[in-house]
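Got your viewer open and ready? Let's take a walk through this model, one selection at a time.

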Amino acid sequence: MKKLRIMSVFGTRPEAIKMAPLVKELACREEIESLCCVTAQHRQMLDSVMKVFDLRADCDLDIMTPRQTLSSITSKCLTGMDGAIERLKPDMILVHGDTSTTFAGALSAFYHQVPVGHVEAGLRTYDKYSPFPEEMNRRLVTAIADLYFCPTKNNRDNLLKEGIEKGIFITGNTVIDALRTTVRSDYVFATQKLNELDYANRKVILVTCHRRENYGEPMRNIMLALRQIAEQNEDVELVYPVHLSPVVREAVDAYLRGAPRVHLIEPLPADEMHNIMARCYMVLTDSGGLQEEAPALGKPVLVMRRETERPEAVEAGTVKLCGVVQDDIVTMAERLIRDRNAYEKMAHAVNPYGDGKACARIADAIEWHFGRRSERPADFEV
């Protein structure tokens with residue numbers, strides 16, 4: 001019997017981090033030929049992840065252009081995917097999460113009548129403009145997909161409420177699998193500034209901020225809050241790997257450049273990002289993935305957004321929403337800086353996102369779906 005040709009499609013750094021261990025798990029299976037198609041929606045940041053995880057693309061669409069729009073990303077992905085599907089002839093296409101690559105990859109698979117597996121399915125805010133465009137991307141992929149790999153029970157329940165009844169598996173999040181391969185106590189950073197920080201005696205706060213819905217006034221408020229936190233707390237160091245988006249860089253230059261104890265560095269490879277996360281005091285972010293990664297390393301996370309599609313992290317106590325108002329961000333950050341009990345409560349909360357075996361569960365589910373395994377894989381339980 002011929003091997004199943006399973007093609008993983010991704011294009012951004014966060015997607016690549018979460019799909020890398022799955023691509024490798026599939027490659028280990030005797031029943032599966034693991035194929036990899038990248039759109040390079042984020043060229044430079046994607047390439048760094050491919051290098052860290054030693055991945056090779058079977059097809060590279062190379063779509064990235066300066067100041068690209070959502071329409072251009074989607075149209076280029078669709079056009080490029082035509083050739084990739086016709087050449088590689090996959091039996092199933094896997095897409096991840098909620099990017100424009102995710103939506104375009106799923107839509108192209110549908111056009112070619114290739115089944116779709118949605119990794120990290122079922123996340124919702126139920127506000128179609130926040131996060132933008134991610135919330136609608138993942139809802140649209142739900143309508144197309146055949147298999148749904150949900151990180152948590154809450155994600156599965158969202159799909160059940162929407163009338164999805166078949167093909168749902170609770171797997172945990174693949175990012176936990178990725179962390180198990182990258183974090184090391186003896187890790188030496190290529191970014192020398194990170195080796196020089198005094199993690200034992202200083203409160204090093206890792207910062208990221210890049211989401212489209214925060215462009216404009218929200219991002220200005222965030223930057224001013226970060227500056228205020230640094231200025232008011234002499235024992236705090238902020239480490240901010242600045243996203244390559246020109247909009248983000250303009251805001252950083254306007255409000256944070258030259259601020260005391262704020263270290264503005266270039267985007268980090270996945271292994272460096274994971275290891276600074278493991279050593280930092282806490283995380284301030286508007287990212288989705290960091291809400292899963294940091295708690296797995298015992299780090300409190302304050303989310304600089306109005307809502308989160310990861311409510312189980314809030315319920316577990318590993319994550320708190322602090323919004324996009326300057327005073328609110330500062331107040332909540334300084335409580336964790338000064339109140340040891342509040343900090344410890346978050347740091348020791350149970351992470352609901354997995355046990356590092358999500359990729360194995362997904363591979364098992366794919367084999368079961370195609371009749372290559374007799375028993376349905378058991379769902380992940382916290």
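Before you click anything: helices (H or I, at least four residues) and strands (E, at least two) are DSSP runs, numbered from the N terminus. This is a predicted model, where local features need pLDDT of at least 70, side-chain atom pairs count only at pLDDT 80 or more, and totals for chains, interfaces and linings use all residues. Residues are numbered from 1 along each chain as its sequence is written, and side-chain values use heavy atoms, with hydrogens and water left out.

**Stop 1: a loop residue.** Select Arg261, in the loop between α10 (246–255) and β10 (262–265). Arg261 isn't a glycine, yet its phi is positive, about 60 degrees.

Now jump to Gln113, in the loop between α4 (100–111) and β5. Gln113 is another non-glycine with a positive phi, about 55 degrees. With 73% relative accessibility, Gln113 counts as exposed.

**Stop 2: the sheet.** Show the strands and look for seven of them in an open sheet, paired in parallel, in the order β3-β2-β1-β4-β5-β6-β7. β3 (59–60) and β7 are at the edges with a single partner strand each, so one side of each has no neighbour in the sheet. Two strands pair if DSSP finds at least two bridges between them. Zoom in on β4 (residues 92–96) and β5: they pair in the parallel sense over four bridges.

**Stop 3: two cis prolines.** Follow the chain into the loop between β5 (116–119) and α5 (134–144), where you'll find Pro131. The peptide bond from Ser130 to Pro131 is cis, with omega near -5 degrees. Pro133 is found in the loop between β5 and α5 too, and the bond leading from Phe132 to Pro133 is also cis, with omega near 0 degrees.

**Stop 4: helix α1.** Select residues 13–27. How far apart are the end C-alpha atoms of α1? They are 21 Å apart, which agrees with the 21 Å that its 15 residues should span at 1.5 Å a residue. That expected span is 1.5 Å times one less than the number of residues.

Look along α1 for a kink of about 35 degrees at Met19, shortly before the proline Pro21. The bend at a residue is the angle between axes fitted to the seven residues ending there and the seven starting there. Colour α1 by burial and you'll see that it is mostly covered, with 11 of its 15 residues buried. Among them are Arg13, Ile17, Leu22 and Leu26.

Stop 5: Find Ala296 in helix α12 (residues 290–296). Ala296 is partly exposed, with a relative accessible area of 35%. Now select Val175 as well: the two C-alpha atoms are separated by 9.5 Å, although the residues are 121 apart along the chain.

Conventions: Buried means under 20% relative accessible area, exposed over 50%, partly exposed in between (1.4 Å probe, protein chains only).
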